[in-house]
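Let's take a walk through a protein together. Keep the sequence and the 3D view open, and find each residue as it comes up.

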Amino acid sequence: MNIDLRNRTEAVTAGYFLNTGDDPRVRRARDAVKLGLGLLLLLIGASDYVRFSSLQETLNGVMDSLPGWTDLGFWTGYALAALYALGVIAAVLIRARQNSQAARDVVLAAAASVALAFLVMQWQEGVWPDLLPEFGTETPEPRFPILRVALVTAVVLAAAPHVTRVLRRFGLIMVALTAIAGFGLSFGYPSDAAGALGIGMISAGAVLLGFGSPGGFPDTAVVANALEQLGIVVRDLRPAADQSWGTRRLVGRDETGATIEVKAYGRDAADTQWAAKVWRSLWYRDSGPPMASRMQAVEHEALMALFAERTGMSVAEPLTAGLAGDDVAILAVHRPGSSLESIDPAEVSDSLLESVWQDLARLHSADMAHGAPRTGAIMLTPQGHVFDDFAMGSLGAGDRTNLDVVNLLFSLAAWADVDRAVASAQAGMGSERLADALPYLQLPALDRRLRRQTAKPKNLVKDLKAAVAEATGVEPPEEVKLRRVSVGSVLMAVLILVAANALITQLAGIDFGAVWEVVRDASPLGILLAYFVAHLSFVPEATGMIAAVGRPLPLQPVVVLQLSARFIGLAVPSAAGRVAMNSAFLMKFGVGATAAVVQGAIDGISGFIVEAVILVVGLMFIEGSFDLGGDVDWQAILLIALAVVVVGVTILFLVERLRRLVLPVLKDALGSVTSVLKDPRRAITLLTSNFLARLALAVTLWLILRSIGVEMSLALVLVVTVATNLLAGLVPIPGGIGIAEAVLTSWLVLVGVPETSAFAATVVYRMWTFYLPAVEGFFAMRWLERRDYL
């Protein structure tokens, strides 16, 4: 008797796997989170500061104190985890005919985890891992990372979208078991297990992000049954071709043959919504609707459609909303026709486009916004048209109505042409309303989906600006032109750098060979960590700028702007370049040139206040750390400083020309600072941001000093960096080139750091905080220009 073992095995495994082979695949937020969290765990595991921390020593002591019989449990768990991973791989390979995508995902993730673990171990330890350490030696040696933990994690996470809930939970138990057993059997330390978990998460997350994941699609039978219980019978329900993160679209037909669209918020809707909101907060001034549960999301969209209909707007009829099972919320909408984007523009009349704009104007007259008006959200009907997809809609919309106008204008221009889009908008809404939206006609205001409608969105925006300005008789917004880097400015920077290095050599009398030996023997991980910490300073600089402006701005472009300022500071030997760039950037968001200049003054004054407080407090509490070579008469120093201030004020009032130049600026700056202080939240944000920016630079120098073997308190390093910044800023040289190096080296020598180590730390610190960011700033500025932020 012949027995088909393959078919019998497929029958056995079928009860544990989801039939997702034909489901559409989308990139899910949770897979991006896996990738990011995996990178973080890998960096933590590779960090010497974690690997030799007191916490890890405590955990190792706990494991060593366990009775000997626990080893048997660890051995068993470690072996079971390996067998489980191999079993999952074998099962997906056997079922490859039913679901080849699952086999590809699991095998690729497993192979990637093994390859990455081999590379990391070779780089970190200089050895190759043992595939079966339990059979290798009686006294295993801890290795980073633990290979089996990485493999099991990758297999479990890559298989998760393809298996039932029972296997998903059992797989997570196996991951935890193999991680605990790994360092329980001395195959690695807890940090080695954490790094291995990170490798597994990176491998699975990268594969699922690259190919998409089938997870999150609700069972169509469950959705159809729920709709029937709500009084709607839908036949031939299937996933729609157009899918987005979180919301799953299904289409079917009712008993009359009419098309029904069903939006289903499945098990990954919440984390997708959270990720989308965070992403929009980083990129856009408007983060979109507030966070909501799945049921609240469908209720919001249905409510927006009903309210829009009451304004006289033609909308797609919401049929019902409810729950399908325990974890899926659904909204059913009647789709009476095809979307406008699927129709040839030549077949659509100008009068119909005008009626579309008139509908949008009715919505805006009630202070409501659609949120995402585009050709894909407009359905053509025998009677005309209807609007669909109110998921991003809002009541009390305010400026969001202008965003509606520019989004629909761009979408129509990409679908048809610029002249037709502008003409229909002018006829449907009027020239005045169209002109009001002109300042918002920029790439940052456009929905990401719209930018994909054309190959060159920036050019289309430029053409639309010109066409709207001509049609409405309004001058287009003026763009501030920045100076490009000239050959002369680059040569000047090189000459200043050479002169500065010569100056430092003369001042410190340091042997560069000895300096190189210090740098060569430094901890590479500490130096690399200092580089990343130095770049973190751009984030509080950005939040400080936002607080100084007093208007909501997208965080990520503002962060990139701070990096661009390093390049401008090198290219333009004055504050004019940075002021011009900030003005150009802020004007894109409706901030005037005067406000942009005042913003710089507010930020500068608050920064000076923070630095002064740091210096005063630091000198009061750590005075003994400064080797000043004798007693210092601080009273005399304060009297001299006071005399300088008095002389400066006297000169200011005696010289009329100087007074006319300085006093208006001071008056505006002080008035702006006063307005900031009246808003406690804004003032706290501004001062805290300035402090955190300086703290990040201090931590950078502290890490560099530790990497070269110099022990110093972080408080003392903070005082040194702040004092350097103040003194170097007195000399009008771009970026303080040469002067900053000399001052910082002198301060470090003053607090007891050997001259060779002080100069080595200064060189690395300036490289991380100024020279490399200046190079990166060129590409950052190009990034801002390509996205029409400059």
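What follows starts with the whole protein and then visits a few places in it.

Before we set off, keep in mind that this is a predicted model, where local features need pLDDT of at least 70 and side-chain atom pairs count only at pLDDT 80 or more, while totals for chains, interfaces and linings use all residues. Residues are numbered from 1 along each chain as its sequence is written, and side-chain values use heavy atoms, with hydrogens and water left out.

Let's begin with the big picture. The protein has 31 helices and 9 strands. Helices (H or I, at least four residues) and strands (E, at least two) are DSSP runs, numbered from the N terminus. Of the 790 residues in the protein, 48% are buried. Here "buried" means under 20% relative accessible area, "exposed" means over 50%, and "partly exposed" is in between, with a 1.4 Å probe and protein chains only. The accessible surface of the protein is about 38,000 Å², and 63% of that belongs to carbon and sulfur atoms. Such areas come from the Shrake-Rupley method with a 1.4 Å probe; for residues, only the protein chains shown count as cover.

How is the chain folded back on itself? Take the contacts in the protein with a separation of 6 or more: residues 24 or more positions apart account for 75% of them. A contact means heavy atoms within 4.5 Å. You can look at one pair for yourself: arginine 294 and isoleucine 330 are 36 residues apart along the chain, yet 8.5 Å separates their C-alpha atoms. Arginine 294 belongs to helix α12 (residues 294–310), and its relative accessibility of 29% makes it partly exposed.

Now find strand β3 (residues 259–265). This strand is mostly covered, with 6 of its 7 residues buried. Its partner is strand β5 (residues 329–335), and the two pair in the antiparallel sense over 7 bridges. Two strands pair if DSSP finds at least two bridges between them. If you look along this pairing, you'll see tyrosine 265 opposite alanine 329 in β5.

Next stop: helix α18 (residues 457–472). Its 16 residues reach 22 Å from the first C-alpha to the last, close to the 22 Å expected at 1.5 Å a residue. That expected span is 1.5 Å times one less than the number of residues. Which parts of the protein do the buried residues of α18 pack against? They pack against α14 (400–415), α15 (418–429), α16 (431–437) and α17 (448–451). Among these buried residues are Leu460, Val461, Leu464 and Val468. Just after α18 comes glycine 473, with a positive phi of about 75°.

Time for some charges. Side chains of opposite charge can pair when their charged atoms come close. A salt bridge is a side-chain nitrogen of Lys or Arg within 4 Å of a carboxyl oxygen of Asp or Glu, and a search of the whole structure finds 11 of them.

One joins arginine 362 and aspartate 359, whose closest N and O atoms are 2.5 Å apart. These two are 3 residues apart in helix α13 (residues 350–365), so about one helical turn separates them. An α-helix has 3.6 residues a turn, so residues three or four places apart point the same way. Is each partner buried or exposed? Aspartate 359 is buried, at 2% relative accessible area, whereas arginine 362 is partly exposed, at 34%.

Another salt bridge links the side chains of arginine 566 and glutamate 541 (2.9 Å, N to O). Arginine 566 lies in helix α23 (residues 555–571) and glutamate 541 in helix α22 (residues 538–549), so the pair ties together parts that are 25 residues apart in sequence. Arginine 566 is buried, at 14% relative accessibility, and glutamate 541 is buried too, at 17%.

Phe608, Ile609, Val613, Val617 and Leu687 make a nonpolar patch of about 430 Å². Patches are made of residues with over 30% relative accessible area and no salt bridge: like charges are joined within 9 Å, nonpolar side chains (Val, Leu, Ile, Met, Phe, Trp, Tyr) within 5 Å. Helix α25 (residues 593–621) gives the most to the patch, with 4 residues. Valine 617 is found in α25, and it is partly exposed, with a relative accessible area of 40%.
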